[in-house]
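Keep the viewer open as you read.

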Amino acid sequence: MLQVRVKPGIEDRIRGFFPWIYRPEIASLSRKPRKGELVVVRDFGGKFLGYGYINPEVSIAIRILSFDKEEPVTPELIRKRILEAYNYRKRLYINSNAFRLVHSEGDLLPGLIVDVYGEYAVVEFTTYGMSLFRDVVLSSLLEILRPRGVYEKTNLTARRVEGIEVEEGVLYGEVPEEVIIWEHDLRYCINIPQGQKTGFFLDQRNARRFVRDLVEPGDRCLDVFCHTGGFALNMKKMGASEVVAVDLSELALAVGRKNEELNRLSGINWVNANAFDFLRDLDRAGERFDVVVIDPPSFAKNRHAVPNALRGYKELCVRGLRLTKPGGYLAIFSCSFHVTEQHLFDVMTQASYDVRRQVRVVARTFQDKDHPWILQMPNTLYLKGIWVEVV
Ligand SMILES: C[S@@+](CC[C@H](N)C(=O)[O-])C[C@H]1O[C@@H](n2cnc3c(N)ncnc32)[C@H](O)[C@@H]1O
């Protein structure tokens, strides 16, 4: 197997279970590597550190899958990890038939995402090295889940950066255009081929549940960046008299309307608009709400984009605070690792000062438990939300 030695000083981080090695951190290779090839990683003196795969064309050149000398990377190891991930999910008692089965590094399977929607599974390979295990990933899923269909979704960024060439489509069985799943006591229509991510924002399940604690019958609620209405439906379910839900995607709103019908709810006002313009217009019109949830897409794909992202967040916090009635609640989320919880607190603090509204933190939420994060890898905690009462 290809032998890699890392530069002096890198070994402690790897011994602390951090599974990434950046290209400049490689001291030597026993020969020219092939893309996706398996490697043994050693410290500068030659002591074993781990087994992984390499892509010499990208910045995160090596991802380690095993820190155990007795456990090299084999199709059997991949199968075992998928089974462990499945058994872990079973112990979580997720109140839904849709869940993330494999969360990449969070399940010690860097480069692999698997989401389950009832009888269907969606697979996403985000690294070239992991995509070479497609066959064993598929056979493990068939064995463990016995699904009706498995769909491979393309992660466009990964395809461009890592050079994964496979086109997206059905890997096994049949996958209908729309799948109905349940979460808590609501049902959702999922459009796997055309929907964002693998079809649904599974990571917000706990936050969608939590919003129910804040909504009182008769409340006026606002779901900003609503996608297919995750928060809006829960608000309505709690008896909100009026819910306004805004998103830029017509497709997401069309699915949202179906979700409303599917759950025999009515009265959600679905608005197709740019959220920034829409919030400004609502504010100017003097509209006010009891509960406001703002769940934007990632504004910062890398650390260079953070200052701009924070300007966007500040504007959302200012508008959100102004639109929330005294005693009402406002939530804002970041799904980018680079925009941290502390950033959210900071922009909320600045916005609170600017609009002269005091805030009191009522809760902090994170990606739900089927998206595990590991302490040694801060990157695995990407979704953070802060919930405040606007005094
Ligand atoms: C993180 S998702 C929201 C997930 C949703 N809260 C849920 O529980 O399913 C972000 C959404 O923002 C939408 N979006 C992106 N840019 C937008 C913009 N400028 N204005 C309005 N919506 C936008 C996307 O279409 C996407 O549906």
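Let's start with helix α9 (residues 275–284), whose buried residues are A275, F278, L279, L282 and D283. Buried here means under 20% relative accessible area, with exposed being over 50% and partly exposed in between, using a 1.4 Å probe and protein chains only. Helices (H or I, at least four residues) and strands (E, at least two) are DSSP runs numbered from the N terminus.

Before going on, a word on the model: it is predicted, so local features need pLDDT of at least 70 and side-chain atom pairs count only at pLDDT 80 or more, while totals for chains, interfaces and linings use all residues. Residues are numbered from 1 along each chain as its sequence is written, and side-chain values use heavy atoms, leaving out hydrogens and water.

What covers that buried side of α9? The cover includes β14 (220–224), β15 (242–247), β16 (268–272), β17 (289–294) and α10 (306–323). At the start of α9, a side-chain oxygen of N274 comes within 3.0 Å of the backbone nitrogen of F276. Just after the helix, G286 has a positive phi of about 75 degrees.

Now zoom out to the largest nonpolar core, which has 39 residues; Y117, I192, M235, V293 and W387 touch the most other members. Such a core is a set of buried Ala, Val, Leu, Ile, Met, Phe, Trp, Tyr and Cys residues joined through side-chain atoms within 4.5 Å. Helix α7 (residues 230–237) gives the largest share, 4 residues. Because domain 2 (75–179) and domain 3 (201–390) both contribute, the core lies between them; the domain bounds come from an automatic or database assignment. Apart from it lies another core, of 35 residues, including F225, A309, Y313 and V355.

Finally, look at Q367, in the loop between β19 (359–366) and β20 (384–390). At 5% relative accessibility, Q367 counts as buried. Its side chain makes polar contacts (N or O pairs within 3.5 Å; within protein, one atom must be able to donate a hydrogen and the other to accept it, and sequence-adjacent residues count only if both atoms are side-chain atoms). One side-chain polar atom of Q367 lies 2.8 Å from the backbone oxygen of T380, and the side chain also reaches the backbone nitrogen of Y382 at 2.9 Å.

Key
Contact = heavy atoms within 4.5 Å.
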